[in-house]
Amino acid sequence: MDAAQQEATARARELQRSWYGEPLGALFRRLIDDLGLNQARLAAVLGLSAPMLSQLMSGQRAKIGNPAVVQRVQALQELAGQVADGSVSAAEATDRMEEIKKTAGGSVLNNTAQQTSSTGATTVRRVVREIQSLLRSVSDAGDIIDAANTLAPTHPELAEFLRVYGAGRTADAVAHYEGHQN
């Protein structure tokens with residue numbers, strides 16, 4: 001790989017970090033490990049071709065262009081967490097991955113109202129991730145912060161929302177949301 005390719009790959013990974021919280025190679029490898037998948041199976045569940053998954057993992061491509069695929073990634077992250085904490089068995093995870101594979105995505109806001117946890121309550125973390133995904137699909141964290149700074153004098157609440165949900169970490173946004181519910 002020549003210097004120009006290395007620079008392009010580094011830039012793509014940095015963009016991935018700003019859009020998705022980490023490079024997609026690290027995220028996808030963790031999903032593969034946590035859910036016992038191989039790359040071909042992960043690609044199939046996400047609805048990507050194997051070469052596209054490989055390009056995203058290696059930094060040859062920066063962005064997932066299909067919002068439905070982003071939603072499937074988020075669903076797999078949530079599932080991996082449930083497998084890790086023991087609330088979902090490996091057999092249940094396999095069934096859930098098939099359900100995730102079949103999801104068409106659709107509107108983030110409409111999907112949010114329909115997707116609920118097993119207790120029937122909307123999962124705050126999932127809603128936060130969907131808001132973040134929506135914001136990050138149109139702009140990177142730096143541009144979101146710039147927009148927040150521009151809005152701050154006249155719309156401080158909106159500026160705070162953009163900083164926390166658009167450019168912040170998921171855990172901080174969940175804590176922010178929960179703090180405003182009390």
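Contact here means heavy atoms within 4.5 Å. This is a predicted model: local features need pLDDT of at least 70, side-chain atom pairs count only at pLDDT 80 or more, and totals for chains, interfaces and linings use all residues. Side-chain values use heavy atoms, with hydrogens and water left out, and residues are numbered from 1 along each chain as its sequence is written. The chain holds 11 helices and zero strands. Helices (H or I, at least four residues) and strands (E, at least two) are DSSP runs, numbered from the N terminus.

**Overall make-up**

- Read from the N terminus, the elements run α-α-α-α-α-α-α-α-α-α-α.
- The chain has 182 residues, and 39% of them count as buried. Buried means under 20% relative accessible area, exposed over 50%, and partly exposed in between (1.4 Å probe, protein chains only).
- Among contacts with a separation of 6 or more, 61% come from residues 24 or more positions apart.

**Helix α2**

- Helix α2 covers residues 24-35, which is 12 residues. From first C-alpha to last, α2 reaches 16 Å, close to the 16 Å expected at 1.5 Å a residue. The expected span is 1.5 Å times one less than the number of residues.
- Its buried residues are L24, G25, L27, F28, L31, I32 and L35. Seen down the axis of α2, these fall within an arc of 165°, so they line one face of the helix. The arc is that of the directions from the helix axis to the C-beta atoms.
- An α-helix has 3.6 residues a turn, so residues three or four places apart point the same way.
- The buried residues of α2 pack against α1 (3-20), α3 (39-46), α4 (50-58), α5 (67-84) and α6 (90-102).
- Just after α2, G36 takes a positive phi of about 65°.

**Helix pairs**

- Two packed helices are described by the angle between their axes and the distance between the axes. Axes are lines fitted to C-alpha atoms, for helices over the stretch in contact, and angles run from 0 to 180 degrees between N-to-C directions.
- The axes of α2 and α4 come within 6 Å and cross at roughly 120°. That makes α2 oblique to α4. On the α2 side, L24, G25, F28, R29 and I32 make the contact; on the α4 side, L53, L56 and M57 do.
- Angles under 35 degrees count as roughly parallel, over 145 as roughly antiparallel, 65 to 115 as roughly perpendicular and the rest as oblique.
- α5 and α6 pack at about 170°, with their axes 10 Å apart. That makes α5 roughly antiparallel to α6. R72, A75, L76, L79, Q82 and V83 of α5 meet A93, R96, M97, I100 and K101 of α6.

**Helix α6**

- Helix α6 has 13 residues and reaches 19 Å from its first C-alpha to its last, close to the 18 Å expected at 1.5 Å a residue.
- A93, M97 and I100 are buried in α6. Seen down the helix axis, they fall within an arc of 60°, so they line one face.
- These buried residues pack against α2, α3 and α5.
- Turned away from the buried side, the other face of α6 carries the exposed residues A91, D95, E99 and K102.

**Individual residues**

- T9 lies in helix α1 and counts as buried at 11% relative accessibility. Apart from neighbours within four places in sequence, T9 contacts M1, S58 and G59.
- E14 also lies in α1 but is partly exposed, with a relative accessible area of 40%. Its C-alpha is 8.5 Å from that of A62, 48 residues apart along the chain.
- A50 sits in α4 and is partly exposed at 44% relative accessible area. The C-alpha atoms of A50 and A40 are separated by 5.7 Å, at 10 residues apart along the chain.
- G166 is in helix α10 (residues 156-166) and counts as buried at 0% relative accessibility. Leaving aside neighbours within four places in sequence, G166 is in contact with L135, R136, I144 and F161. G166 and D143 are 23 residues apart in sequence and 9.6 Å apart in space, C-alpha to C-alpha.
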